[in-house]
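Open the model in your viewer and keep the sequence panel beside it.

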Amino acid sequence: MAEKHSHLNGAYYGPAVPPVRSYHRDGHGSGCGCCCLLSFLIKLIVTARPGKQTGSVGFGLDQVGFHVTDASLTQFNLTPDNNLHDNLALNITVRNPNKKIGIYYDRIEANTYYEDQRFATQQLTPFYQGHKNTSYLNPSFQGQKLVLLGADRVSEYNQEKNSGIYSIDVKLNLRVRF
């Protein structure tokens, strides 16, 4: 014990001394009050008439609500050589119900996944959201991406294609400050 706490000269017999944790007000330290790197997952089931998909994230204050209010999937085709062609547009509302706390969204990255494989990413514009405020995000994904699906997953894709209902995950990675 003398090696670990040399400033105690080996005479300390109490419980272990906890490490000192520093917090920085510039947003670069640890602690959820200053900045957070969050992941938020929205599960979408896209049909001709998309339903309202919701979620919320709590930061130790009133929960910030995320709601998908509209989803448009005009292309979602898997070619025989495993290229996924997509065109997906979303409208997401973000509600800050807090009376005295504003939120800086310093980084917003929206990722789309099909069968646990990411097929599109979009960086959204950072913004400040005041207290008791609703903001709107409109990520749009289009393009083609090589996805590696096994035979069972291709079969599942074909079933979804026949039904016209696809299970697509949208994950928002956020860096926020309060």
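A salt bridge here is a side-chain nitrogen of Lys or Arg within 4 Å of a carboxyl oxygen of Asp or Glu. The structure holds two of them, and the tour will stop at both. Before that, some ground rules. This is a predicted model, where local features need pLDDT of at least 70, side-chain atom pairs count only at pLDDT 80 or more, and totals for chains, interfaces and linings use all residues. Residues are numbered from 1 along each chain as its sequence is written, and side-chain values use heavy atoms, with hydrogens and water left out.

**Whole chain**

Show the cartoon. The order along the sequence is β-β-β-β-β-β-β-β-β-α-β.

Switch to a surface. The protein exposes about 10800 Å², and carbon and sulfur atoms supply 49% of that area. Accessible areas come from the Shrake-Rupley method with a 1.4 Å probe; for residues, only the protein chains shown count as cover. Of the 178 residues, 35% count as buried. Buried means under 20% relative accessible area, exposed over 50%, and partly exposed in between (1.4 Å probe, protein chains only).

Now think about contacts, meaning heavy atoms within 4.5 Å. Take those between residues at least 6 apart in sequence: 68% join residues at least 24 apart.

**First salt bridge**

Select Arg177 and Asp106. Their side chains meet in a salt bridge at 2.6 Å, N to O. Arg177 lies in strand β10 (residues 166-177) and Asp106 in strand β5 (residues 103-114), so the pair ties together parts that are 71 residues apart in sequence.

Next, select Glu115 and Arg153. The side chains form a salt bridge of 2.8 Å, N to O. Glu115 sits in the loop between β5 and β6 (117-124) and Arg153 in helix α1 (residues 151-163), so this pair ties together parts 38 residues apart in sequence. Glu115 is buried at 15% relative accessible area, whereas Arg153 is partly exposed at 29%.

**Two loop residues**

Stay in the loop between β5 and β6 and pick Asp116. Its phi is positive, about 65 degrees, although Asp116 is not a glycine. Asp116 counts as exposed at 63% relative accessibility.

Then jump to Asn82, in the loop between β3 (64-78) and β4 (83-96). Asn82 has a positive phi near 65 degrees and is likewise not a glycine.

**The core**

Select Phe76, Leu90, Tyr105 and Phe119. These have the most contacts inside the largest nonpolar core, which has 30 residues. β3, β4, β5, β6 and β10 each supply at least two residues of this core. A nonpolar core is a set of buried Ala, Val, Leu, Ile, Met, Phe, Trp, Tyr and Cys residues joined through side-chain atoms within 4.5 Å.

**Last stop**

Select Ser135 in strand β8 (residues 133-137). Ser135 is buried, with a relative accessible area of 11%. Which residues touch Ser135, leaving aside its neighbours within four places in sequence? They are Ile92, Thr93, Val94, Phe127 and Gln129.

Notes: Helices (H or I, at least four residues) and strands (E, at least two) are DSSP runs, numbered from the N terminus.
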